[in-house]
Amino acid sequence: MDILKIGNKEFSNRLLTGTGKFSSKKLITEMLKASGSEMITVALRRVDFAAGNENIIEYIPKNVVLLPNTSGARTAEEAVRIARIAREAGCGDFIKIEIITDTKYLMPDNEETLKATKILVSEGFHVLPYVMPDLTYSYKLVEAGAAAVMPLGSPIGSNRGIRLKEVIQILIDNIDIPVIVDAGIGRPSQAAEAMEMGADAVLVNTAISAAEDPVAMGKAFSLAVQSGRMAYLAKLAEESKTANASSPLTGFLRE
Amino acid sequence: MKIVVNGKVENTDQDTILNYILEKNLEPKTVIVEYNFKIVKKDTWNNVKIKDGDNLEILNFVGGG
């Protein structure tokens, strides 16, 4: 079995999903069933008294690992506070650190993220930091005890695919903890691309939840991830600039 | 008395966290409460008395990526 270990949990499905932007929460349950995704993100917010409280958790089957995110945090301190609340609320020990001050591109602050990682690791969390792909920071995150690194492929929700491919490849080739491409993956083929590159997993939210049929799209992504992973393990044949005939170049009938 | 709830000042005559939550028609199972910046476990909501000037954060999990 090809198992992915993150923190103290083992996963056989390498598609991580998110709960954002579904038109109906019931679709989350169906999407999880169709895709087989074993880990899903949730966010923590103030209750909107006018709208009444929702409980996204009850739409997530018990066997799926919850990955609360610290979205909304602008500093390490705020992220740590959100992480502690999420754990206290019974969400488990996994946390996706997301620290953002830039509202146009939603680019993460690697420096604050590293700070928060150190604190939360010391408190026993399994920390999955959402980062701008950077080798030096990734080494520091490994040293700090992160459970994975999650570089963005392109800005959150942009569906532009793996634009930071070269740097992400460097992370994949050099980082010893799981590298999970998060953000920007818009199509199953892009998820397959990340997996062919050797990414350990991908996290996809918008491309699934904003599809016309999120349940079928969840399955499409899951198959693409499996396909890409299988291709990576099978080791791709070499590229070349000129043709290499696949039929024999002898014994032609013309002479 | 005046308390701060989710960053806004409001008046309440509810005496405990539990009663405050129920008055707001919230399902206790699904909300998380920080009382003066410390998380309070649900089973103690009935014992935590609300005083003038207290700060409450009432949170829940929502969709997010």
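Helices α1(A) and α8(A) cross in a right-handed sense. In this predicted model, their axes lie 8 Å apart and pack at an angle of about 30 degrees. An angle under 35 degrees counts as roughly parallel, so α1(A) is roughly parallel to α8(A). Helix α8(A) also takes α6(A) as a partner, in a crossing that is right-handed too.

**Where α1(A) meets α8(A)**
- Helix α1 of chain A covers residues 26–35.
- On the α1(A) side, the residues in contact are A:L27, A:E30, A:M31, A:A34 and A:S35.
- Facing them from α8(A) are A:P214, A:V215, A:G218, A:K219 and A:S222.
- Sorted by class, this contact holds five nonpolar, three polar and two charged residues.

**Where α6(A) meets α8(A)**
- Helix α6 (residues 188–196) and helix α8 (residues 214–234), both of chain A, have axes that come within 7 Å and cross at roughly 25 degrees.
- That angle makes α6(A) roughly parallel to α8(A).
- From α6(A), the contact draws on A:P188, A:A191, A:A192, A:M195 and A:E196.
- From α8(A), it draws on A:M217, A:A220, A:F221, A:A224, A:V225, A:G228, A:R229, A:A231 and A:Y232.
- Here the class count is 11 nonpolar, one polar and two charged residues.

**Where α3(A) meets α4(A)**
- Another helix pair in chain A joins α3 (residues 110–122) and α4 (residues 135–144), with axes 9 Å apart and an angle of about 10 degrees.
- With that angle, α3(A) is roughly parallel to α4(A).
- Helix α3(A) brings A:N110, A:E111, A:L114, A:T117, A:K118 and A:V121 to the contact.
- Helix α4(A) answers with A:Y137, A:K140, A:L141 and A:A144.
- By class, the residues of this contact divide into five nonpolar, two polar and three charged.

**Rings and charges**
- Within chain A, A:R87 lies over the face of A:F125, 3.8 Å from the ring centre.
- If you are looking for aromatic pairs, a search of the whole structure finds zero of them over all chains.

Notes:
Residues are numbered from 1 along each chain as its sequence is written. Chains are lettered from A and ligands numbered from 1 in the order in which they are written. This is a predicted model: local features need pLDDT of at least 70, side-chain atom pairs count only at pLDDT 80 or more; totals for chains, interfaces and linings use all residues. Side-chain values use heavy atoms; hydrogens and water are left out. Axes are lines fitted to C-alpha atoms, for helices over the stretch in contact, and angles run from 0 to 180 degrees between N-to-C directions. Helices (H or I, at least four residues) and strands (E, at least two) are DSSP runs, numbered from the N terminus. Angles under 35 degrees count as roughly parallel, over 145 as roughly antiparallel, 65 to 115 as roughly perpendicular and the rest as oblique. A crossing is left-handed if the near helix is turned anticlockwise from the far one by less than a right angle, and right-handed if clockwise. Contact means heavy atoms within 4.5 Å. Ala, Val, Leu, Ile, Met, Phe, Trp, Tyr, Cys and Pro count as nonpolar, Asp, Glu, Lys and Arg as charged, and the others, Gly among them, as polar. Rings of Phe, Tyr and Trp (its six-membered ring) pair if their centres lie within 6.5 Å; planes under 30 degrees apart count as stacked, over 60 as edge-to-face and the rest as tilted. A charge sits over a ring if NZ of Lys or CZ of Arg is within 6 Å of the ring centre and within 35 degrees of the ring normal.
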